[in-house]
Amino acid sequence: MIPYNLELLTYLAPSNVCSGVGVFALLDIPKDTCIFKAEPSYKVLWSDIDPEIRSRIETLTYCDKEGFWIDCDLNKIGPQYYINHSHSPNVAYNKDTGSLYAIHDIQKNEELVDYYFPGERDWHI
């Protein structure tokens with residue numbers, strides 16, 4: 001038995017909704033498919049990192065005045081971090097599990113987009 005999930009559902013490419021990178025369906029993804037399963041996360045205090053990288057980390061993670069949450073090494077951030085905002089999303093996070101699901105059928109090569117609440121939309125480099 002292979003201990004890894006070898007199903008690849010997405011790829012990164014230039015976004016259709018912004019000037020950056022987007023996440024696209026590699027194949028048709030049926031409604032209710034779990035696209036990205038949440039990994040355990042932990043909180044890192046701002047005092048534990050180099051102050052020079054704080055502003056960049058704030059653009060990549062959920063954070064507050066005390067620190068930020070992360071589920072992997074900073075140099076291994078997954079493609080789910082590139083899902084862009086839309087008022088017509090086709091994916092949504094399950095707030096209880098942190099996993100990302102298709103909320104309707106997604107066609108091959110369609111960009112995955114989520115609804116960012118107003119406080120989450122100020123992501124810029």
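The structure is a predicted model, in which local features need pLDDT of at least 70 and side-chain atom pairs count only at pLDDT 80 or more, while totals for chains, interfaces and linings use all residues. Residues are numbered from 1 along each chain as its sequence is written, and side-chain values use heavy atoms, with hydrogens and water left out.

The protein chain contains one helix and nine strands. Here helices (H or I, at least four residues) and strands (E, at least two) are DSSP runs, numbered from the N terminus. Read from the N terminus, the order of the elements is β-β-β-β-α-β-β-β-β-β. Of the 125 residues in the chain, 28% count as buried; buried means under 20% relative accessible area, exposed over 50%, and partly exposed in between, with a 1.4 Å probe and protein chains only. A contact is defined by heavy atoms within 4.5 Å. Among contacts between residues at least 6 apart in sequence, 55% join residues at least 24 apart.

Two aromatic pairs are present in the structure. Because Tyr-11 lies in strand 1 (residues 10-14) and Phe-24 in strand 2 (residues 21-25), the pair ties together parts that are 13 residues apart in sequence. Tyr-11 counts as partly exposed because its relative accessibility is 27%, whereas Phe-24 is buried, with a relative accessible area of 4%.

Trp-46 and Phe-68 form a tilted aromatic pair, with 5.2 Å from centre to centre and 40° between the planes. This pair links distant parts of the chain, 22 residues apart: Trp-46 is in the loop between strand 4 (42-45) and helix 1 (54-60), and Phe-68 is in strand 5 (residues 67-70). Both Trp-46 and Phe-68 are buried.

The largest pocket has a volume of about 800 Å³. Of the 30 residues that line the largest pocket, Tyr-62, Asp-71, Tyr-81, Tyr-93 and Gly-98 are the closest to its centre. On a 1 Å grid over the protein atoms alone, a pocket is an open set of points with protein on both sides within 12 Å along at least five of seven lines, a 1.4 Å probe being used, and lining residues have an atom within 4 Å of a point. Grid points are joined across faces, edges and corners, and the volume is the space filled by probe spheres set on the points. Strand 5 and strand 7 (91-93) are the elements that give two or more residues to the lining of the largest pocket. Strand 7 gives the most, with three residues. By class, the lining of the largest pocket has 17 nonpolar, seven polar and six charged residues; Ala, Val, Leu, Ile, Met, Phe, Trp, Tyr, Cys and Pro count as nonpolar, Asp, Glu, Lys and Arg as charged, and the others, Gly among them, as polar.

Most residues other than glycine have a negative phi. Asp-32, although not a glycine, has a positive phi of about 75°. Asp-32 is found in the loop between strand 2 and strand 3 (34-36) and is exposed, with a relative accessible area of 55%. Asn-109, also a residue other than glycine, has a positive phi near 75°. Asn-109 is placed in the loop between strand 8 and strand 9, and its relative accessibility of 43% makes it partly exposed.

Gln-107 lies in the loop between strand 8 (100-102) and strand 9 (111-114) and is partly exposed, at 45% relative accessibility. The C-alpha atoms of Gln-107 and Asp-28 are separated by 4.6 Å, although the two residues are 79 apart along the chain. Not counting residues up to four places away in sequence, Gln-107 touches Ala-25, Leu-27 and Asp-28.

Key
Phe/Tyr/Trp six-rings, centres within 6.5 Å; stacked < 30°, edge-to-face > 60°.
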